[in-house]
Amino acid sequence: MNAPTSTTPPTPSTTASPTAPVDPAATLQVSVWRGDAVGQFSRYEVPRQASQTVLDVVTHIQRHLEPSLSYRFACRVGMCGSCAMTVNGIARWTCRTHVANVAGADGRLEIAPLANLPVIKDLAADMSGFFDKWASAKGVFRGTRTRHDDFAKVEPASPERAAANAGIECIGCAVCYASCDVVAWRPAFLGPAALNRAWTLVNDVRDTAQEERLRAVAGDAGCHSCHTQGSCTERCPKHIAPTAGIAGLKRLAGRAALRGTL
Amino acid sequence: MNDTVAQARRWYVQRLSAMVLALCVVIHLAVMIYAVRGGLSGSEILSRTHGSWTFGIFYAVFVVACALHVPPGLNNIAVEWLHWRPARALFIARLFGVLILVTGLRAVWAVVVAP
């Protein structure tokens with residue numbers, strides 16, 4: 001079941017500096033999703049501060065206003081990817097999203113769990129289906145060497161290594177997955193993150209599961225359902241372009257299907 | 001042939017037919033803009049196309065490319081937006097492709113061959 005859909009249109013970003021001085025009396029009007037698939041938004045007033053992130057706002061609510069609020073975070077510095085939520089209708093890392101850039105002049109924020117994932121409680125989405133799809137896309141490296149063999153030599157400037165490099169920094173935050181319309185329309189669709197992972201392995205010259213992986217990512221549950229809308233690429237906080245990787249998978253799998261090797 | 005291979009082939013056929021269509025549309029528009037400069041009437045069109053194998057082959061290719069290109073797209077729309085069952089969606093989409101093929105080739109025959 002999908003996460004709740006925002007009933008309020010996203011507030012346009014402002015150009016205010018995150019560190020600009022703020023009125024000490026200013027407050028944010030924050031709507032936070034409470035419940036699971038069934039629930040409602042609860043309103044809270046949170047003091048506005050300089051350099052305040054959306055994660056700071058959620059933490060303030062939990063520590064001072066609503067102790068039973070559930071949400072997920074770990075590193076707070078954009079390394080773990082666990083704090084992704086829907087902020088004013090757009091999936092974002094809350095730890096790296098300054099309130100000044102999303103709340104606008106009226107100080108309104110709407111915070112919901114990530115879309116396209118079941119809601120466990122409040123702002124915590126169930127990521128198991130998301131990671132199961134990485135496994136379905138054969139997102140695990142399979143090589144032949146052992147610890148007794150010499151290192152594989154991979155030319156850093158080779159086209160394959162460059163293609164793998166372009167997608168390798170994904171940390172699995174699911175922002176792309178929550179932003180993908182095709183995931184919403186086709187629940188079996190593997191999604192941008194799993195396909196991006198597969199693309200990095202397709203370009204790993206050491207990997208030996210290439211045919212099996214291409215079969216896993218082809219077809220209507222895989223790369224061929226992507227409509228190249230580019231929401232994943234636009235929203236990815238790591239500036240990865242899953243759309244480009246998926247296009248590469250389409251070409252390889254399409255040709256393999258015509259040749260009869262898929 | 002399993003479903004995955006069939007789906008991948010449909011995507012590839014759609015992509016190749018899109019390339020053909022892009023070329024056909026450009027040529028069609030260019031010829032139309034050139035031809036319409038002196039005014040356009042049914043008899044003037046027929047005087048150009050009647051008996052012309054060039055026009056006949058060109059528009060036959062255009063129609064075949066349309067008939068191949070449209071069904072995969074309609075199939076996707078039916079599955080994703082209308083939530084039809086995939087087998088039903090594909091069947092209806094292919095029927096529509098046959099309709100395009102038959103009516104399109106009949107139109108080509110009418111302007112090129114028919115007396």
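Start by colouring the two domains of chain A: the domain assignment, which is automatic or taken from a database, gives domain 1 (27-125) and domain 2 (128-259). Their C-alpha centres lie 30 Å apart. You are looking at a predicted model, in which local features need pLDDT of at least 70, side-chain atom pairs count only at pLDDT 80 or more, and totals for chains, interfaces and linings use all residues. Residues are numbered from 1 along each chain as its sequence is written, while chains are lettered from A and ligands numbered from 1 in the order in which they are written.

**Where the domains touch**

Now select the boundary between the domains of chain A. Here 15 residues of domain 1 are in contact with 15 residues of domain 2; two residues are in contact if their C-beta atoms, placed from the backbone, lie within 7 Å. On the domain 1 side, the elements giving two or more residues are strand S3 (84-87) and strand S4 (90-93) of chain A. S4(A) supplies the largest share, 4 residues. Helices (H or I, at least four residues) and strands (E, at least two) are DSSP runs, numbered from the N terminus. By class, this side of domain 1 has 9 nonpolar, 4 polar and 2 charged residues.

**Into strand S4**

Click on Ala91(A), which sits in strand S4 of chain A. Is Ala91(A) buried or exposed? Ala91(A) is buried, because 27 other C-beta atoms lie within 10 Å. The cut-offs are 20 or more other C-beta atoms within 10 Å for buried, 12 or fewer for exposed, and partly exposed in between, with C-beta atoms placed from the backbone. Beyond its neighbours within four places in sequence, Ala91(A) is in contact with Ala84(A), Thr86(A), Leu114(A), Ala115(A), Val175(A), Ala178(A), Ser179(A) and Arg235(A). For a distance check, pick the C-alpha atoms of Ala91(A) and Cys226(A): they are 135 residues apart along the chain and separated by 19 Å.

**Two positive phi angles**

Step back to Asn88(A), in the loop between S3 and S4 of chain A. Asn88(A) is not a glycine, yet has a positive phi of about 50°. Asn88(A) is buried, with 23 other C-beta atoms within 10 Å.

Next, go to Thr228(A), in the loop between H8 and helix H9 (231-235) of chain A. Thr228(A) also has a positive phi, about 55°, although it is not a glycine. Thr228(A) counts as exposed, with 11 C-beta neighbours inside 10 Å.

**A helix crossing**

Show helix H7 (residues 192-202) and helix H10 (residues 242-259) of chain A, whose axes come within 9 Å and cross at roughly 60°. Axes here are lines fitted to C-alpha atoms, for helices over the stretch in contact, and angles run from 0 to 180 degrees between N-to-C directions. Select Pro192(A), Ala193(A), Leu195(A), Asn196(A), Ala198(A), Trp199(A) and Val202(A) in H7(A); they meet Pro242(A), Gly245(A), Ile246(A), Gly248(A), Leu249(A) and Leu252(A) in H10(A). This contact has 10 nonpolar, 3 polar and no charged residues.

**Across to chain B**

Keep H10(A) on screen and bring in chain B. The contact between the chains takes 13 residues from chain A and 11 residues from chain B. Which helix gives the most to the side of chain A that touches chain B? H10(A) does, with 5 residues. The chain A side divides into 6 nonpolar, 3 polar and 4 charged residues.

Now trace helix H1 (residues 3-35) of chain B: its 33 residues reach 46 Å from first C-alpha to last, close to the 48 Å expected at 1.5 Å a residue. The expected span is 1.5 Å times one less than the number of residues. The buried residues of H1(B) are Thr4(B), Gln7(B), Ala8(B), Arg9(B), Arg10(B), Trp11(B) and Tyr12(B). Their cover includes helix H8 (210-217) and H10 of chain A, together with H3 of chain B.

Finish on helix H4 (residues 86-112) of chain B. Its 27 residues should span 39 Å, which agrees with the 38 Å between its end C-alpha atoms. Ala89(B), Leu90(B), Ala93(B), Val108(B) and Val112(B) are buried in H4(B), and what covers them includes helix H2 (42-49) and helix H3 (53-80) of chain B.

Notes:
Nonpolar A, V, L, I, M, F, W, Y, C, P; charged D, E, K, R; others polar.
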